[in-house]
Each structure stands twice: as C-alpha cells, then as structure tokens.
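This briefing concerns pockets, a sheet and a loop residue. Please consult the sequence and the model shown here.

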Amino acid sequence: MTDGLSAEELMNPHVSGGLTYNDFLVLPGYVDFPASICSLSSRITKRFTLKTPFLSSPMDTVTESAMAIHMALNGGLGVIHHNCSLEEQADMVRKVKQFENGFITDPKTLSPNNTVQDVFDVKEQFGFCGIPITQDGKLHSPLLGIVTSRDIDFLQTAEERKRLLKEVMTPRSELITAKQGVSLAEANALLKASKKGKLPIVDDSDRLCALLARSDLVKARDYPWASKVPSSKQLLVAAAISTHDEDRIRLQALVDAGLDIVVLDSSQGNSKFQIEMVKYIKQTFPQIDVIAGNVVTQEQARNLILAGADALRVGMGSGSICITQEIMACGRPQGTAVYRVAQYARQFGVPVIADGGIANVGHIVKALALGASGVMMGSLLAGTTESPGEYFYHEGKRVKKYRGMGSIDAMEKGDAAGKRYFSESDRIKVAQGVAGAVVDKGSVKKFLGYLATGVQHSLQDIGVKSLEELQDGVEAGRVRFEKRTASAQMEGGVHGLQFYEKRLFS
C-alpha cells in the first residue's frame, strides 16, 4: 500500500510550482528504535564528514572565531566571514586551529634568558602560558625546562616581571617527557598518568620536537563529536572569500593560518569569476576543499561541478534578512532549489549545503530529506552567546543585532558585501538585505544540542536511523511526502489559544 507522494511527485513543477519548507510534510514511518541511536553524520564536502550537519553562515553578525570554535567542538563547522581585513580573518582562523591539538608540532618556545613579561605577552596574544624553555628559544633545541601559570601567577609587579625564566621555570629534571615516535594514544596515557599539564616530546638528543597539552585531552573527553582534521586533531575550520582576484592574497594568508575549507561567497555563483577562482584554488591549493555557490538551478551547479567544486551552497533570496527575490526578481523557492540541485549533484558525488530559510528543526529535516548534506544557518545562530556583537534590550527583550550581508549596514562596514553582490564599484548601493535583531538564545553549545536531539527525534518519527538512510529512502520512494494547503499549515502551528509561551528546550 502506497500513501502520500514521492519526492519527485511532490516537486513536479507543473503541479506544485516552487515549494518552500513550509509547503510540505514528511509522512511518519515505523518506529522500533530509540531516537538516541540515530546517526547525524554527513559528508559536507568530498573529503570531510561531520558528526552533525550544521554549518554557521559567513556573516559578520554570526561567525567569528568563538562561533567557529564551538561549532566544531559540537560536531558542526563554522565559516568565518570576510567583511574584515585579511589579517583579522587569518587571525580568527589561527585561533580556531590553536584551540585544540593532538601533537603540537610548532609549539611556542622561549629561552632561559627571556623574561616573565615575555610569557605574559604570549598569554595575551595566544591565550596560553605553558611554554617549553629550550637552549636557544627555538624548536629542535635542547629542552631545559617549562614555564606554566603556576610558575608566574604571583609575579605581578613590574620588577618581578623582569625576572629571567631560568630563575622561575620548572627545570628539566622535574619534567615527564616522551620520546619522538610515541603514538598519540601512548602519549595521552602518559600525560594522564603524570597528572601534568604538558608533555614535551623529545628526540634521542633530548631536543624538543613537539608538545602535548592536558587541556586538549579534556576537550576530547567533553566534546566527543568534535569536527577535527584526523592527522593533526585540530578543529576543522572554514572561511569565506570573494571571487575577486585580490582575494587570492587573502586565501594564501588563510591557508598559512591553517584553513581547511574555503567558501566562495557570492549571491550568484554561476559566473566566470567564480569558475576561474575554483580552478585556481584546486590547482594552487589541492589540499583545500572548495564550497562553491550560491546556486539554485542545475545549470548553475553543472558549471561549478565541472570547474572542480567539492560542495555546493544552495540558496538565493530565502534567508530571513535577504530581499534578493523581492528586489532583483531573481531566485528560487528554497525547497525546490535544494531538491533539484541535490538531484543533479548526487550523480557526481558532490554534496550540497542548504543555505537560507532554516527557521526551526523541521526545516533542517526537510532540507536533509530533499538531498542536502548540511544546513547553513544565520538567524538561527545569531542570537547566541558566541555570535559577534553585544546584547541590548528592545521592548523588554534581550536581543543581538543581526544583518544581511547585502544590507546597507554591512556594506558600510567593509567591502565583502559589495563583492558578494557584484556591486562594490556602484555609486548607488542597492540593498539586497536588511538589518534587525534576534532574541538571545543562550550558548550555542546548548542550542546545537537541542537541534541535534530534535533532528534525531524527527528521524525516529520518519522511521530511519541515519541521514543516509533518510536520503536513500527518499530516492527509492520509501519515504513519502504530503503537500500542505495554507489552512493545513495554520493547523500545524499553535492555534486556538488566548495566549501561550513557546519554550523550545530546557
């Protein structure tokens, strides 16, 4: 017995026209398993797989280093915006890469003749003060000791900060070390047993080769879903650039800082500028995956896939702060765009990321059911503690500023907005976005936990145990859909109450 519609029947343009996420539902399946076992792992580029399909948007009110760090710690991916200087963006990428490591192969080192003030300077710049002391202050030099916060915490006066490190450091004789060639698992076990904060790795001549930090062990324990580069155990990070030639210099700086994935940020990705940039990146930096876009049609997708894109970003004018469809009369309803692009890209093994129009857990699940490998979120994450900006109160509610990168507000801050919309040289700026505010959502750690649990429960209702099984079921016609009328949409929301409080999670 077959009920409902297949995805292809649902998306028949001659019957339904263009559909958004609110225009349909997924029909429930058979449940014989707990929601907690549902896997949310998803391949978001050709090479990288995340434990959760969540990405933060490269907007200057959404993603800087704090957001990128916590997105990666919680199984997602942060895409750092480029509405800032090259140096600022590279520094944000560097902060993410330095937040967690396996073996630190380029640790900061000092010499015994450096001063306590030098350690405080390192702490101010990099955020840590556990520093190995070597004979000449460089890596691959004989290890003489280590300075940690316990050695300098009470050296606060100007005179005390002039003291040489050889006077205050923990000497080599009191250190626990491991030999070069030790496995990460063995080194971690030794660090746990030693109850020390740092484990220097030395060669046969007792020269410093690398460092292992206890804080990274704690992070690995507390964040088992963290998105990491397998070889280095560093957090995965992405950043956006424009398709302009001058951003090739920006890209080099980002790669030098440790970038893993680059997102080409353009509202209309089917351009010779983007195709040339994709080809340049794949030829010059083959180790970097490229997310190209934005696209909404199969023809747009075809050109970028042929150029070498490792993933596609889908969406044009569907974001809550985007007015491209209204102003430019150009775009596509997001449900239809995701389905058609994913349908085409799947033939080439290229993942697609649904960007825009995600307002709740249900929208995430619908985007994934239509073929997206991940969802990129802006407004949904903008009010969290880790997003840039300060909280303020408006009509009694605690809010944060949120603006589209096509807004006049964003254009006045930097040139990324103009480059994204091919308008940086225009005398008159035509806005394709607005500025507003979103309500405080608390820490992104708790909010991402709510999103992940919500998606797991949705998969349970549909009767599938993973995102892969969901998409296979859609393609085979086993997972069915139903189109919704306007009155059905009203029925599916809160109705018939004098007043209510909508608490999404606790």
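Which residues lie nearest the centre of the second largest pocket, and how many residues line that pocket? Lys 97, Gln 98, Phe 99, Asn 101 and Phe 128 lie nearest the centre, within a lining of 38 residues. The model is predicted: local features need pLDDT of at least 70 and side-chain atom pairs pLDDT 80 or more, whereas totals for chains, interfaces and linings use all residues. Residues are numbered from 1 along each chain as its sequence is written, and side-chain values use heavy atoms, with hydrogens and water left out.

**Second largest pocket**

- A pocket is an open set of points on a 1 Å grid over the protein atoms alone where a 1.4 Å probe fits, with protein on both sides within 12 Å along at least five of seven lines; lining residues have an atom within 4 Å of a point.
- About 990 Å³ of space lies in this second largest pocket, a volume being the space filled by probe spheres set on the grid points.
- Elements giving two or more residues to its lining include α4 (86-99), α5 (116-126) and α10 (247-257); helices (H or I, at least four residues) and strands (E, at least two) are DSSP runs, numbered from the N terminus.
- The largest contribution to this lining, six residues, is from α4.
- The lining comprises 15 nonpolar, 12 polar and 11 charged residues, where Ala, Val, Leu, Ile, Met, Phe, Trp, Tyr, Cys and Pro count as nonpolar, Asp, Glu, Lys and Arg as charged, and the others, Gly among them, as polar.

**Largest pocket**

- The largest pocket holds about 1,100 Å³ of space.
- Of its 35 lining residues, Ala 359, Asn 360, Tyr 450, Lys 502 and Leu 504 lie nearest the centre.
- Among the elements that each supply at least two lining residues are β19 (397-403), β20 (435-439) and α19 (444-462); α19 gives the most, with six.
- By class, 16 residues of this lining are nonpolar, nine polar and 10 charged.

**Sheet containing β19 and β20**

- An open sheet of three strands has the order β18-β19-β20, with antiparallel pairing; strands pair if DSSP finds at least two bridges between them.
- The edge strands, β18 (391-394) and β20, each pair on one side only.
- Five bridges join β19 to β20, and Lys 400 has Val 438 in β20 as its bridge partner.

**Thr 384**

- Thr 384 is found in the loop between α16 and β18.
- Thr 384 counts as buried because its relative accessibility is 0%, buried meaning under 20% relative accessible area with a 1.4 Å probe and protein chains only.
- The side chain of Thr 384 reaches the backbone oxygen of Leu 381 at 2.7 Å.

Key:
Buried < 20%, exposed > 50% of the residue type's maximum accessible area, 1.4 Å probe, protein only. Polar contact = N/O pair within 3.5 Å; in protein donor to acceptor, adjacent residues only side chain to side chain.
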